[in-house]
Amino acid sequence: MTPEPAAQWRDPRLSHLQQITDAALAHLALDDLLAALLDRLTQALDTDTAAVLLLDDEGQMLHARAAKGIEEEVEQGVRIPVGRGFAGRIVAERRAVAIPDVDHADILNPILRQKGIRSLLGVPLLVDGRPIGVVHVGTLTPRLFDEDDRDLLQLAADRAALAIDHARVYELERAARAAAEAAVHRLQSVQRVTDATLAYLSLEELLAELLDRMTEILSADTAAILMLDDEGQMLHARAAKGIEEEVEQGVRIPVGRGFAGRIAAERRPVTIPDVDHADILNPILRQKGIRSLLGVPLFVEGRVIGVLHVGTLRHREFTPADRDLLQLAADRAALAIEHARLYEQRRVTESVQRSLLPDRLERIPGLEVAARYLPAASATGLGGDWYDVFPVGGGRVGVAIGDVVGRGLPAATLMAQLRTALRVYAFDGHGPAEVLERVNRMLAHVAPATMTTAAYLVLDPEDESVTMGCAGHPPPLVVDPARHAHYLPACGVALGVSRATRYVEERFDVPVGSTLLLYTDGVVEVRGESLDAGLDRLRALAERHDGVEELCDAIVAEMVGGGSPADDVAMLAARPVAFGERLITRWPAQADALAGLRHILRRWLRHHGATDDETYDITVAAQEACANAVEHAYAPGPEAFEVEAVHAGGAVQVTVRDRGQWRRARGTHRGRGMPMMEALMESVHVQHTSDGTAVVLRRTLGGGSPR
Amino acid sequence: MTTTLARVVEEWHDEVPVARVEGEVDASNVQEMGDRLRSLLTNRSLALVVDLTATTYLDSAGLNLLFALGEELRGRQQRLSLVVAEGSPIIRMVALVGLDKAVPVHATLAEALAHAGEVPE
């Protein structure tokens, strides 16, 4: 800064000027500082105009930054190149320039002339000898600025330059900080919209959360998501914040009309700064007093699936940044909606599928059963794989499996029809071959020209055999108690090939403790592998795993891609259990239960070496006790009575317990149960407890007739 | 008639219906079995033969039915006779409850048919 020569302070204007550069200026913001400076300069120098131009960062251009009397300079953003014109010369030459007569001078800025300025005086603003700009004053009457004027202006300029520079640096810093903060805010906003944790929310929660966050980030008052219907004709309000009525009232907007309709039709964001002057269909938006709207389309793979919009109750000009952020949220919402839709579709599919399959495998005492059904990982429709297991009388169990070609509701419906038909024919007492022939004829009626494979087997645990009829289905596998596995020879053509197809049935030994495994081709058919290789793998795997559940689990884990099969997969494993010294079974209090009990008891008795007569006698006696339980047990329910048979010391003891009261049978031909039990067994004891009744029957094996 | 447990195969020998019961009879199907056997009788029937040689199980429910059926037929001047194989578990049950004292029991169908025309005692 130039030293202040004492001689120069003779001018009375100097006291005014001191105020120009007092310390207080340093605390003003740049614009206030410049305004104050120009005010004081025009007063001190008695001029009509004053202006400050600042040099840009590159040092190439002067920008009008503050003006008094010639405010147009700032308003019009006057820019003067360094070296040219009046102000440009001052900076370039770093010295004061006076122009006594504007008319005859090189003046670039037309405003100066237009305002009728006649004379000018300007000095450079210097900081450490480095020019940062120009300050100039002007008069509307001709004036010859003298040296005093020049010194005074320079003195003021020198003292103001530092404050201007400081203020400017501060302003730049503040602007840079604001820009940085805005960038951070935007980044945070983007992160909040793309937040990975959103993925853990349910669709409803996610949409609500996205709307919450969008209104907060964009400082909006309302937000809504509308979804396009399947026909692509109508938008339905799906979720809303601040305008919940949209959803409650089920707002529907035709595509192409109104605000949201336009967004969907034009597939681009739409901004409405003023709702009053726009084509808005939805009266709720107006009723809620929304002034401005911004909406973007929801895209899935280039397809519009809906619209997301935000609104404000005050007038608002949404910026491109707002629009980009909203689009980001829309993309996120679209993805989640699509995922949820696919998931829901798959869930419904699986649920329908399961409803068509046996919901719970019927519990058949003496038989362990496990089954699995896995829809193809990529499946979107229903599959046609099915299985079934049911008692067919005489202690025998029907097991069936099938695979309807195709997907979707037709395949699933046909599957259900086949399953039902097979059961009905099986219940009618027909053997496997006859059952398959009947199902084949039925198929020709309900679905001509449809082919499907199936296998139906009757497992007879008492006879330790299985009788199989097969219609083009992959061969069932039998794993014997020594864990050697072999396939049953599958034969027969698929159902639906010809309505005249004859099926044969064949009997195979299935020793107690063997496992019978039925499955559909998805288990053994692996892409890039021969069918034989798949069959070999399944057989080897079956030999390594014991137990029906374990076997199914192992197949799912090792054969069908860990539960994500390429094709639908169904499997059913059944194993007649081996008997121990003690047998406990529980039965519903229904006459139907008697046959099942009879057969399992027979098998158990034979297992312990009882003769045919002994087996028959003990079975009848036990049945008489059970028949009483069935008739008189007061507590009907899934497990109303229990039969325990124990083999010890060459004798068999059968105990039948129920929760009812023992009653002597009444009626002419009703009282033979007790005498029969007494005649058939060595001892019969009826025990009454607070819980119910127990009948204990005992007979020594190998002892001939009991009495 | 067919149930999951048993089925009745009917044959006619002149005016004599023969009901061959194949399978098992217990409390769960005895009602149905009774209805079926009674339906075979007409007013002109002199006798009903129930052939139990293919019956694999018969307990007190079935025995009670046969006792009752025997009484009903006797009341109508008709005759119920049974065919039960000798040495079978069924014959032991029939003897055990004394059904053979109430109803004529024959070892073969031919024997039963030969006696079918006899007037009840």
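Reader: What share of the contacts in chain A with a separation of 6 or more comes from residues 24 or more positions apart?
Author: In this model, which is predicted, residues 24 or more positions apart account for 63% of the contacts in chain A with a separation of 6 or more.

Reader: And how many helices and strands are there in chain A?
Author: Chain A has 18 helices and 27 strands, and 43% of its 707 residues count as buried.

Reader: Why is A:E434 classed as partly exposed?
Author: A:E434 has 17 other C-beta atoms within 10 Å, and that count falls between the limits, because a buried residue needs 20 or more and an exposed one has 12 or fewer.

Reader: Which residues of helix α18 in chain A are buried?
Author: In helix α18 of chain A, which runs over residues 673-680, the buried residues are A:G673, A:M676, A:M677, A:A679 and A:L680. Seen down the axis of α18(A), these buried residues fall within an arc of 165 degrees, so they line one face of the helix.

Reader: Why would residues a few places apart point the same way in a helix?
Author: An α-helix has 3.6 residues a turn, so residues three or four places apart point the same way.

Reader: Switching to chain B, what pattern does it follow along the sequence?
Author: Read along the sequence, chain B goes β-β-α-β-β-α-β-α-α-β-α, with five helices and six strands. Of its 121 residues, 46% count as buried.

Reader: At what angle do α1 and α2 of chain B pack?
Author: Helix α1 (residues 30-39) and helix α2 (residues 60-75) of chain B pack at an angle of about 30 degrees, and their axes are 10 Å apart. That angle makes α1(B) roughly parallel to α2(B), and the crossing of the two is right-handed.

Reader: Which residues make that contact?
Author: From α1(B) the contact uses B:V30, B:M33, B:G34 and B:L37, and from α2(B) it uses B:A61, B:G62, B:L65 and B:L69. By class, the contact of α1(B) with α2(B) has six nonpolar residues, two polar ones and no charged ones.

Reader: How many residues does each chain bring to the contact between chain B and chain A?
Author: Chain B brings 20 residues to the contact, and chain A brings 24. On the side of chain B that touches chain A, α2 and α3 (89-97) of chain B each supply at least two residues, and α2(B) gives the most, with six residues. The residues on this side of chain B divide into 11 nonpolar, five polar and four charged.

Reader: One more topic: what is the phi of A:R267, and where is that residue?
Author: A:R267 is not a glycine, yet it has a positive phi of about 55 degrees. A:R267 lies in the loop between α9 (258-266) and β10 (270-272) of chain A, and it is exposed, with 12 other C-beta atoms within 10 Å.

Reader: And B:Q77, is it buried or exposed?
Author: B:Q77 counts as exposed, with 9 C-beta neighbours inside 10 Å. B:Q77 is found in the loop between α2 and β5 (79-83) of chain B, and although it is not a glycine, it has a positive phi of about 65 degrees.

How values were computed
Residues are numbered from 1 along each chain as its sequence is written. Chains are lettered from A and ligands numbered from 1 in the order in which they are written. This is a predicted model: local features need pLDDT of at least 70, side-chain atom pairs count only at pLDDT 80 or more; totals for chains, interfaces and linings use all residues. Helices (H or I, at least four residues) and strands (E, at least two) are DSSP runs, numbered from the N terminus. The arc is that of the directions from the helix axis to the C-beta atoms. Axes are lines fitted to C-alpha atoms, for helices over the stretch in contact, and angles run from 0 to 180 degrees between N-to-C directions. Angles under 35 degrees count as roughly parallel, over 145 as roughly antiparallel, 65 to 115 as roughly perpendicular and the rest as oblique. A crossing is left-handed if the near helix is turned anticlockwise from the far one by less than a right angle, and right-handed if clockwise. Two residues are in contact if their C-beta atoms, placed from the backbone, lie within 7 Å. Ala, Val, Leu, Ile, Met, Phe, Trp, Tyr, Cys and Pro count as nonpolar, Asp, Glu, Lys and Arg as charged, and the others, Gly among them, as polar.
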